[in-house]
Each structure stands twice: as structure tokens, then as C-alpha cells.
Amino acid sequence: MNFIYINQNILDNLFYILVSILIYYILLDHGKRLSHYGKTLITACMSIPIILCMKFPIYIDEYCVHDLRQIPFIIGTLYGGWPVGAALLVIILTFRFAFYGFNLLTLTVYIVIFIITALFSSKFKNFNRKNKLNSSILLILFLGILTSFISIVMSDYFRITEAYVFYFIILPPFIIVLALYIIEILKDAIIIRTQMVRLEKMEVVSQLAASISHEVRNPLTVVKGFVQLLKAPDLTQEVREQYIQHVVRELNSAESIISEYLAFAKPALEKVENILINREIGYVIEMIKPLANMNLVTISNQLAPGITRGNIQHFKQCFLNLIKNGIEAMPNGGELNIVSYVNNFDIIIEISDNGVGMNKEQINRFGEPYYSSKEKGTGLGSMVAVKTIQTMNGTLHLTSALNKGTTISITLPVYREDHSAK
């Protein structure tokens, strides 16, 4: 045998089969709802190459045409079981008789293929990849020989030629092995990716728990110490109140830490209201000025009036984190500049420092869970800031250069009451 039988039509048939397999797994992977209708989906995807293969067949001679319709028929039955096989059998016979007219031999051959493949499918599903490939070769060889024998018995005009042996006996095992190998690789890829996502989530959960316990332990330790001191019988009322104030302050600190984690884990806005950009950022600047003074950082601002919508507490926490990051990026002091302005339907807020800057990797990983460029940082502040901005339908853009500084540009939608009223 040489390659004179590998023509355009056979390559077209192969193309229909492989593309349908790819479409099936793309839909299965990206359509979560479609995964609940697996048998319906595989029936639809395998019926397309069946119809196309019959519509564009391989001509052996003037009395005999052939196509690869049995390949998707067998694949669908092996992976979908007898319900899928029965549906494909109806489709294959309906279109076969519509294209070429009724033929008892065709009806008998495909019923035999369906029964044998359906009975074998229950065992096939439990095989590993190697056994699936080997068993599929044996199955299709057996079906090719059996159906050829049936054709000889039922038809006086049937002849086994060299071309028939190639197309009916030799070629199908190679094609089904190729198709099944691609199917198994795609299945494994989807499973591996799902497992990776699950492992990644578990890692984040474990890191979250470790970080919470570390951050909350300090204020709770202080609370425990002051509670022990409150047991002293000779305390004056003034000292007792001071201790209680310390306890309340540390408990508020622990509550604040937990709230920050919850803001990242569940960033949905609890209360949406109008946010006056210049006023709220001004409050944040006044709040953080003592930290800036301690680090020899001067804060300058030029804030234009503008209104957006969101949760005020989350908004202030977001910019508190970003401004604090800018201050900490200048360990030897410097200047932090905060500017806001309105550009058409957007409010632009820029926070610039002249600190240590960031490299390309640090820029790309900004806001990534538990990644921080600081030695003792957890990345929590950046995570909360990014999530809050995303929740407000905004965007965050970062530009930086090592030893020159960093500029964070936040874009938020403008809220206009007159437009909303309309």
C-alpha cells in the first residue's frame, strides 16, 4: 500500500472529526452550565462530523463511496454510552437514507456497530489511557472485519478491493487512535487545571489563616495583659479606666484587621453612597500625616471636586493603604504628591512618590495575594485597594522606575445626579 489513497476528501473528513472534538472540549471547559448536559453536548458535537463526512465522502470507484462517519459514531458511543449511541444511530441512518436512499445492508451494519460498541462502552470508561487506545484499535478492527463479512453475506454485488481494505480496515484504527489520544490529552488538561485552581485556593486559605493569626495575636496579647492587670485589687479608678481604654483600643485594632481581610475575601459593597473625592481623600491625608512626618515625608495635594459612587469606608481604607505604601517606599524621606481631576466621565486620581521604585516583576504582581515588595509586608493593603477599585468599576494603572519613584493612577466613574435622575 502506498499513499495514493490519502486524498483531499479523507483529510477533510479527518478535519471535521478533530475540529468537532476540540469544539466539544472548549464548550465543556468554558461553559459551566453546559457541563450538566454532557451527553447532549457530545451527541451534538459528534453528529456534525457524521453529517459532514456523509455530505463530502471519499470516492473509491464509480460504484463505491466511503467516508469516516463511523469514527465519530463509535467515539460518541464509547464516551457517552448507549443513550448517545442511540441518538447518533438515528442521526446517521436518517441522513444516510436522505442522501443515498434506504439500504437494508447499511441499516444492519450500523445496528451491529451500535450494539457491540454500546456493550463495550461501560468497560471502556474504566480503562486508563493506554488501555483505551489499545482496546479501540482492536474494537474497530473487529467491527471492520465483522461488517465486511456481513456485507459479503447480504450483498451479491459487494467486492473487497485494495482500496476497500485501506479505507475500511487499515485507515480507521489510525484515525481513532489519533482522535482518542487528543480526547484523553484534553481531558487530562482540564482535570489538571481544575486541580491547580483548587490547590491554589487551598494555599490562599492557609496563608490567609496564618496571616490572620499573626496579625490578630499581637493586639490580643496586649488585651490579655491588661485584663490580668485589671484583676489587681488596689487599682485606682483612673488607672482602671486607662487599662480599659487600652483594651478597647487593641480590640478595635483586631477588629480592623479582620475587617480588612473580609473586605478582600468578600468585597461586595454593603452600603453604596455618594463619595466626594476631594473631601474623603483630604480626610485620609490628615489621618496619615503623623506617619508621614515620622518618616520625613511631605504630602502635597491638588484635589479637584468630583463625585463617584461606592462605600465610603472601603474607599478611605483603599487610599489609606495606597498612600501608606507611598510613604513606606521613601525610607529616607521625600515628597508624596496626590492629584485628582475630572476627565469627561472619569475621575483620575494620581499618587506619586520619589522613592525606591519597583521593577517589572513587582509591577506585574502588584495586588497579587500575599505578595509584597516590603521585607515584612503581607500584600494585604494592595489586595484590598485593588479589589475595592474593581468593585467600584474603576481601574488602577501603575508606572514605576527603580530609584526614581512610582505613580499610581486610579480611574473611577463620575457620578452625576442629573444624569441619574433621567
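Trainee: Which residue takes a positive phi just after α3?

Mentor: A helix here is a DSSP run of H or I of at least four residues, numbered from the N terminus. Directly after α3, G101 adopts a positive phi of about 90 degrees. The model is predicted, so local features need pLDDT of at least 70 and side-chain atom pairs pLDDT 80 or more, while totals for chains, interfaces and linings use all residues. Residues are numbered from 1 along each chain as its sequence is written, and side-chain values use heavy atoms, without hydrogens and water.

Trainee: How far apart are the end C-alpha atoms of helix α3?

Mentor: The expected span is 1.5 Å times one less than the number of residues. Helix α3 (residues 70-100) has 31 residues, and a straight helix would reach 45 Å, yet its end C-alpha atoms are only 16 Å apart.

Trainee: Where does α3 bend?

Mentor: A bend is the angle between axes fitted to the seven residues ending at a residue and the seven starting there. In α3 the bend is about 145 degrees, at G81, with the proline P83 following within four residues.

Trainee: How many aromatic pairs does the structure hold?

Mentor: Rings of Phe, Tyr and Trp (its six-membered ring) pair if their centres lie within 6.5 Å; planes under 30 degrees apart are stacked, over 60 edge-to-face, the rest tilted. The structure holds 12 such pairs. With centres 6.3 Å apart and planes at 45 degrees, Y16 and F56 form a tilted pair. Y16 lies in helix α1 (residues 8-30) and F56 in the loop between α2 and β1, so the pair ties together parts 40 residues apart in sequence.

Trainee: Which residues form the aromatic cluster?

Mentor: Y79, F120, F124 and F127 form one cluster.

Note on methods. Helices (H or I, at least four residues) and strands (E, at least two) are DSSP runs, numbered from the N terminus.
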